[in-house]
Amino acid sequence: MERMVYVGLDVHAETIAVATADDGRNGDVRFYGIIENNADAVLRLTKRLSATGARPVFCYEAGPCGYGLYRLLTKLGFDCAVVAPAMIPRRAGDRVKTDRRDAEMLARLWRAGELTPIWTPDEEQEAMRDLRAAHCTTAKSR
């Protein structure tokens, strides 16, 4: 059976916080670090994670950065899930949010099967959605 490493990504416009959760119920959860949000840095990350012999599977929260990271990772042959922030289980009273904690939480929940991926539009569908949103905004301002 192939060993997997679950990778949680907290994505921002310029950076991505990365955490990993080793396969298995008691596998370690580690903060990998912060990388630049560009294709070269993501490619280096995938190579480093794959070099361990485990198959990395990625997830991140949907947000204003769009689906470019999803498309890049899937184009490189990796599994990637985008999850809706409202669908992520949160502990009551856990209000402290940091990039590191968010990435670790995503990796842990992804490994536990607690995250449900959302439908991810292709580039053409996303462009149509953006065009429609821009048209609606323009029409409202008249």
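Start by selecting Arg55: with a relative accessibility of 29%, Arg55 counts as partly exposed (buried is under 20% relative accessible area, exposed over 50%, partly exposed in between, using a 1.4 Å probe and protein chains only). Before going on, note that this is a predicted model, where local features need pLDDT of at least 70 and side-chain atom pairs count only at pLDDT 80 or more, while totals for chains, interfaces and linings use all residues. Residues are numbered from 1 along each chain as its sequence is written, and side-chain values use heavy atoms, with hydrogens and water left out.

**Stop 1: salt bridges**

Helices (H or I, at least four residues) and strands (E, at least two) are DSSP runs, numbered from the N terminus. Asp79 is partly exposed too, at 39% relative accessibility.

Now hop to helix 3 (residues 99-112), where Glu104 and Arg100 sit four residues apart, about one turn of the helix. Their closest N and O atoms are 3.1 Å apart, in another salt bridge. Glu104 is buried at 16% relative accessible area, whereas Arg100 is partly exposed at 45%. How many salt bridges turn up in a search of the whole structure? Six.

**Stop 2: an aromatic pair**

A search of the whole structure gives one aromatic pair (rings of Phe, Tyr and Trp, the last by its six-membered ring, pair if their centres lie within 6.5 Å; planes under 30 degrees apart are stacked, over 60 edge-to-face, the rest tilted). Select Phe58 and Phe78: the ring centres are 5.7 Å apart and the planes at 85 degrees, so this one is edge-to-face. Phe58 is in strand 4 and Phe78 in the loop between helix 2 and strand 5 (79-83), so the pair ties together parts 20 residues apart in sequence. Phe58 is buried with a relative accessible area of 0%, and Phe78 is buried with 14%.

**Stop 3**

Select strand 2 (residues 15-22). Seven of its eight residues are buried, so strand 2 is largely enclosed by the rest of the structure. Strand 1 (residues 4-11) pairs with strand 2 in the antiparallel sense over seven bridges (two strands pair if DSSP finds at least two bridges between them). Look for Val7 opposite Thr20. Strand 2 also pairs with strand 3 (residues 29-36), again antiparallel over seven bridges, and Ala21 has Val29 as its bridge partner there. Six residues separate strands 2 and 3 in their hairpin, and Gly24 in the turn has a positive phi of about 100 degrees.

**Stop 4: the second largest pocket**

Finish with the second largest pocket, which holds about 160 Å³ of space. A pocket here, on a 1 Å grid over the protein atoms alone, is an open set of points where a 1.4 Å probe fits, with protein on both sides within 12 Å along at least five of seven lines; lining residues have an atom within 4 Å of a point. Among the lining residues are Leu9, His12, Tyr60, Gly63 and Leu106. Strand 1 gives the most, with three residues. Gly63 itself lies in the loop between strand 4 (55-61) and helix 2 (68-75).

Terms used
Grid points are joined across faces, edges and corners, and a volume is the space filled by probe spheres set on the points. A salt bridge is a side-chain nitrogen of Lys or Arg within 4 Å of a carboxyl oxygen of Asp or Glu.
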